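Student: Could you walk me through reading a few features of a model, starting from the general idea each time?

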Amino acid sequence: MYAKTTGACESHKAMHPALYSWREQLPATLVRMLAYLGGITVLSIGAAHIFQSPPAINVIKASDRPQWIEVDKPFPAFALSIPEAAGVASHYAILHNRDGDGRKDILSLGDPDSTAPYLQVEIYRPGSETRHFASPSAEIDAAAAGLGPVQTGGKAPLDSKFGSLAVVPFEATKDTPRHCLGFVRAYDDPRLQISGWFCQGGADFVERSTLACALDRLTLLSAGSEPKVGALFAEAELHRSFCGQRDPILAPTPKYQLLWKAMANRPEPRRIGR
């Protein structure tokens, strides 16, 4: 009997190390299994993010951004004194090119959509966005695109204090129909372009002499850091005709008064830019 008891004890002692080893390895096995399941979970989440539909993103294309940005509080560099148009609405705007740093000063006088006289003058000082000015006809068509210009008549140049102007008569076909004279004069040194249009309703075009008279009143207020622009306008003043009269004290020509329907005595001249 002692022998059986001894054998049982020896058998129990022989099984104990295996049982002990299994119990000792169980936590490590569980850790490995949990790590494996966690890795699968992470891979599943990553795959879901990769293959799911991307969120809608409104991409702002370069073509959607305006090329010219208007200055909120423009500091006028030019003035257009029209004594006969005192009381007529005027506007001054400065546009900067987003990429090339060019600048446009735009002076307007009158209602842009009316049969009454309307004058717009643009002084463009280009930056790197423009290497060469386009032809006079192309420049006028591009500038007056909102009017739906249809060219009519001849293109004889017009003498002014700024030299010879290219003039293109055209019909404004959009909104209020009007007869207009588009004009442009470009300089290489300094790089500067003066352009715009003069429109009115009715049967007749604006007189060419009236356009020259209006531009006779375009003056420089500040050249800033561009002395060549100051020299250009100083030279232009030497050629000023005062609307056909060398004496600046005399009244403007009767035709010009009639165009703006001015009263006989205006207390203060209207100046755009002051």
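Tutor: We'll go through disulfides, cores, a histidine and some strand pairing. Keep in mind that this is a predicted model.

Student: Let's start with disulfides. How many are there?

Tutor: The general idea is that a disulfide is a covalent bond between the sulfur atoms of two cysteines. Here the count comes to two disulfides. Counting bonded cysteines along the chain, they follow the pattern 1-2, 3-4.

Student: Which cysteine pairs with cysteine 180, and how far apart are the sulfur atoms?

Tutor: Cysteine 180 pairs with cysteine 199, with 2.0 Å between their sulfur atoms. This pair links distant parts of the chain: cysteine 180 belongs to strand β9 and cysteine 199 to strand β10, 19 residues apart.

Student: What is the handedness of the disulfide between cysteine 180 and cysteine 199?

Tutor: Look at the torsion about the S-S bond: for cysteine 180 and cysteine 199 that's about 110°, so the disulfide is right-handed. As for burial, cysteine 180 counts as buried because its relative accessibility is 0%. Cysteine 199 is buried too, with a relative accessible area of 0%.

Student: And where do the two ends of the disulfide of cysteine 213 and cysteine 243 sit?

Tutor: That disulfide has an S to S distance of 1.7 Å. It also links distant parts of the chain, 30 residues apart: cysteine 213 sits in helix α3, cysteine 243 in the loop between α4 and α5. The torsion about the S-S bond of cysteine 213 and cysteine 243 is about 85°, so this disulfide is right-handed. Both cysteine 213 and cysteine 243 are buried.

Student: Is helix α3 mostly covered or mostly open?

Tutor: Mostly covered, as seven of the nine residues of α3 are buried. Among them are Leu211, Cys213, Leu215 and Asp216.

Student: On to cores. Which residues have the most contacts inside the largest nonpolar core?

Tutor: First the general idea: in soluble globular proteins, nonpolar side chains tend to be buried together. The largest nonpolar core here has 32 residues, and Val121, Ile194 and Leu218 have the most contacts inside it. Apart from that core lies another, of 11 residues, and these include Leu147, Val168, Cys180 and Cys199. Back to isoleucine 194: leaving out residues up to four places away in sequence, isoleucine 194 touches Val121, Phe162, Phe183, Leu218 and Phe233, among others.

Student: What does the side chain of histidine 179 reach?

Tutor: Histidine 179 lies in strand β9, and it is buried, with a relative accessible area of 14%. Its side chain reaches the backbone oxygen of glycine 202 at 3.0 Å. The side chain of histidine 179 also makes a polar contact with the side chain of glutamate 171, at 2.8 Å. Neighbours within four places in sequence aside, histidine 179 is in contact with residues including Phe170, Phe198, Cys199 and Phe205.

Conventions. Residues are numbered from 1 along each chain as its sequence is written. This is a predicted model: local features need pLDDT of at least 70, side-chain atom pairs count only at pLDDT 80 or more; totals for chains, interfaces and linings use all residues. Side-chain values use heavy atoms; hydrogens and water are left out. A disulfide is a pair of cysteine sulfur atoms within 2.5 Å. Helices (H or I, at least four residues) and strands (E, at least two) are DSSP runs, numbered from the N terminus. Buried means under 20% relative accessible area, exposed over 50%, partly exposed in between (1.4 Å probe, protein chains only). A nonpolar core is a set of buried Ala, Val, Leu, Ile, Met, Phe, Trp, Tyr and Cys residues joined through side-chain atoms within 4.5 Å. Contact means heavy atoms within 4.5 Å. A polar contact is a pair of N or O atoms within 3.5 Å; within protein, one must be able to donate a hydrogen and the other to accept it, and residues adjacent in sequence count only if both atoms are side-chain atoms.
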